[in-house]
Amino acid sequence: MTDKPVKQAEKKRRQVAALPWRGSGADLQILLVSSRETKRWVIPKGWPMKERSDPAAAAQEAFEEAGLDGVIAEQPLGEYEYLKRLKSGAARKVKVDVYALEVTGEHATWPEKGQRTLQWMSPVEAALGVQEPELRDLIVGFAGVELPTEERPAPARAPTPVKVAWNRLRRRVTALWGRARR
């Protein structure tokens, strides 16, 4: 029996993420950030860093994307998968390891300020705000809340690569058209 080599395109990529939280009990809140391209609600995440452990890389992403400081868990809460939209328009399946981050401070400025929207939400709002069902379940499990069956909508479909490219082109044309009319 021989092992077949796995093609690079078939391998799942891996990212690390922080699940930022503050408060406890009824005052527990989860921070979601908007993605830069599709503007959907996500948690801070990024690629592993060679010089950092996975939890430290997740904490670094929380700082870069949301300006957060905090205490990061050493073990992941769990994982979820999503389709990463690449700049080429292609999509690739990515597995994300999620680490809880107890937020102890928020910076006034950070590297991606102005590129994303930040929103503290109740655990139920956060769970309903994310698109990925596995991430929704991680948030619900972490917070110890339950979503009523009627409040478990089917996840909204992510825009297709063609739709993302079309919107990007439309924004560029609109910006250029506005300059030409001046």
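A salt bridge here is a side-chain nitrogen of Lys or Arg within 4 Å of a carboxyl oxygen of Asp or Glu. The legends below describe a predicted model.

**View 1. Arg-116 and Glu-65 form a salt bridge.** The closest N and O atoms are 3.7 Å apart. That falls within the 4 Å limit, so the pair counts. The two residues are 51 positions apart and link distant parts of the chain. Arg-116 sits in the loop between β7 and β8 (118-121). Glu-65 belongs to helix α1, residues 54-66. Both Arg-116 and Glu-65 are buried.

**View 2. The surroundings of Glu-65.** Relative accessible area is 5% for Glu-65, so this residue is buried. A polar atom of the Glu-65 side chain lies 3.4 Å from the backbone nitrogen of Lys-45. Leaving aside residues up to four places away in sequence, Glu-65 touches Val-33, Ile-43, Pro-44, Lys-45, Trp-110, Glu-112, Arg-116 and Leu-118.

**View 3. Strand β1 and its pairing partners β7, β4 and β2.** Strand β1 spans residues 13-22. Seven of its 10 residues are buried, so β1 is largely enclosed by the rest of the structure. Strand β7 (residues 91-106) runs parallel to β1, and nine bridges join the two. Strand β4 (residues 45-46) runs antiparallel to β1, with two bridges. Ala-17 stands opposite Val-98 in β7. In β4, Ala-17 has Lys-45 as its bridge partner.

**View 4. The hairpin of β1 and β2.** Strand β2 covers residues 29-34 and pairs with β1 in the antiparallel sense over two bridges. Arg-22 has Gln-29 in β2 as its bridge partner. Six residues lie between the two strands. Gly-23, in the turn, has a positive phi of about 80 degrees.

**View 5. Arg-22 and Glu-106 meet in a salt bridge.** The N to O distance between these side chains is 3.2 Å. Arg-22 lies in β1 and Glu-106 in β7, so the pair ties together parts that are 84 residues apart in sequence. Arg-22 is partly exposed at 28% relative accessible area. Glu-106 is also partly exposed, with a value of 48%.

**View 6. A network of salt bridges around Lys-95 and Asp-97.** The linked residues are Arg-14, Asp-54, Glu-79, Lys-95 and Asp-97. Lys-95 and Asp-97 form a salt bridge, with the closest N and O atoms 3.3 Å apart. Lys-95 counts as partly exposed at 22% relative accessibility. Asp-97 is buried, with a relative accessible area of 10%. The structure holds nine salt bridges.

**View 7. A nonpolar patch on the surface.** Trp-166, Leu-169 and Val-173 form this patch. Together the three residues have about 320 Å² of accessible area. Trp-166 is placed in helix α4, residues 161-181. At 52% relative accessibility, Trp-166 counts as exposed.

View 8. Along the sequence they follow the pattern β-β-β-β-α-β-β-β-β-α-α-α. Of the 182 residues, 34% are buried. The protein exposes about 11,400 Å², and carbon and sulfur atoms supply 52% of that area. Among contacts with a separation of 6 or more, 67% come from residues 24 or more positions apart.

How values were computed: Residues are numbered from 1 along each chain as its sequence is written. This is a predicted model: local features need pLDDT of at least 70, side-chain atom pairs count only at pLDDT 80 or more; totals for chains, interfaces and linings use all residues. Side-chain values use heavy atoms; hydrogens and water are left out. Helices (H or I, at least four residues) and strands (E, at least two) are DSSP runs, numbered from the N terminus. Buried means under 20% relative accessible area, exposed over 50%, partly exposed in between (1.4 Å probe, protein chains only). Contact means heavy atoms within 4.5 Å. Accessible areas come from the Shrake-Rupley method with a 1.4 Å probe; for residues, only the protein chains shown count as cover. A polar contact is a pair of N or O atoms within 3.5 Å; within protein, one must be able to donate a hydrogen and the other to accept it, and residues adjacent in sequence count only if both atoms are side-chain atoms. Patches are made of residues with over 30% relative accessible area and no salt bridge: like charges are joined within 9 Å, nonpolar side chains (Val, Leu, Ile, Met, Phe, Trp, Tyr) within 5 Å. Two strands pair if DSSP finds at least two bridges between them.
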